[in-house]
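Keep the 3D view open as you read.

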Amino acid sequence: MRIASDAPPTIRGAGILVGLQGLAGIGFAVALLVRAFGGASTAGHNIFGEAGYFVVIGGGVVAVGVALVLGKHWARSPAVVVELLLIGVAWYATGPSGRPGIGVPVGVLCVVVLYLLFTLRSREWSLGLDDGSDGSDGEDAGQTGR
C-alpha cells in the first residue's frame, strides 16, 4: 500500500519512528493496567490515572507520527519537542537512574529522529522551498497548513 505524501523519505521515516514511540507509550499504559488489575497497586498511587496519562500522551505522539508520514507540515514542530523531551528522559535513565540499557537506546533513537527532521531536504520541505510544492497541505490558497 502506497501513501500519497509530498514529504521526503526522511520526514516519513521520522514519522514512523515517532509513531512507534507513541505506541510504546500506549504499551506502557497497558502494562500499568495489567499491573494494577493484578493487585500490584500500592496505597496512595493512582496507577489508573498514570495509565490514562500515558494513553493520552502516547495517542498524541502517534497522531504526530501519522501526520508526518502523511506529509503534514504542522507535525514537525511537535515531533521535535517530543524528541527533546525524550532526550531528557534518556539522560535521566542513563545517568541518575543507573539504567543505561534503557537510556542509551532511547537517546540514540531520539538523535536519529532529530537528524531525520533536520536534514537539508527535511528543512526545505518544512519551509515549502522544495520543488513543486507551495508549502500547503492541500487547503485553501490563503492558508499554509503549518
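What share of the contacts in the chain with a separation of 6 or more comes from residues 24 or more positions apart? The figure is 67%, where contact means heavy atoms within 4.5 Å.

A word on what you're looking at: this is a predicted model, in which local features need pLDDT of at least 70, side-chain atom pairs count only at pLDDT 80 or more, and totals for chains, interfaces and linings use all residues. Residues are numbered from 1 along each chain as its sequence is written, and side-chain values use heavy atoms, with hydrogens and water left out.

**Confidence and layout**

The mean pLDDT is 88, and 84% of the residues reach 70 or more; pLDDT is the predictor's confidence in each residue, from 0 to 100.

You'll find five helices and zero strands, so the pattern along the sequence reads α-α-α-α-α, with helices (H or I, at least four residues) and strands (E, at least two) taken as DSSP runs numbered from the N terminus. Of the 146 residues, 34% are buried, meaning under 20% relative accessible area, while exposed is over 50% and partly exposed lies in between (1.4 Å probe, protein chains only). The chain exposes about 8,600 Å², and carbon and sulfur atoms supply 68% of that; areas come from the Shrake-Rupley method with a 1.4 Å probe, and for residues only the protein chains shown count as cover.

**Inside**

The largest nonpolar core has 17 residues, and I11, V18, L68, A79 and L117 have the most contacts inside it. Helices α1, α2 (47-70), α3 (76-94) and α4 (100-118) each give two or more residues to this core. Apart from it lies another core of five residues, including L32, A36, I47 and A51. A nonpolar core here is a set of buried Ala, Val, Leu, Ile, Met, Phe, Trp, Tyr and Cys residues joined through side-chain atoms within 4.5 Å.

Setting aside residues up to four places away in sequence, L117 touches I11, A14, L68, R76, A79, V80 and S122. C110, in helix α4, counts as buried because its relative accessible area is 0%. Beyond its neighbours within four places, C110 is in contact with Q21, E83, L86 and I87.

P8 sits in the segment before α1 and is buried, at 1% relative accessibility. Not counting residues up to four places away, P8 touches R121, S122 and W125.

| Pair | Apart in sequence | Apart in space |
|---|---|---|
| G88 and V106 | 18 residues | 10.0 Å |
| P8 and D130 | 122 residues | 9.5 Å |

G88, in helix α3, is partly exposed, because its relative accessible area is 36%. L20 lies in helix α1 (residues 9-37) and is also partly exposed, at 49%. Together, I16, L20 and L23 make a nonpolar surface patch of about 290 Å². Patches are made of residues with over 30% relative accessible area and no salt bridge, joining nonpolar side chains (Val, Leu, Ile, Met, Phe, Trp, Tyr) within 5 Å and like charges within 9 Å. A salt bridge is a side-chain nitrogen of Lys or Arg within 4 Å of a carboxyl oxygen of Asp or Glu.
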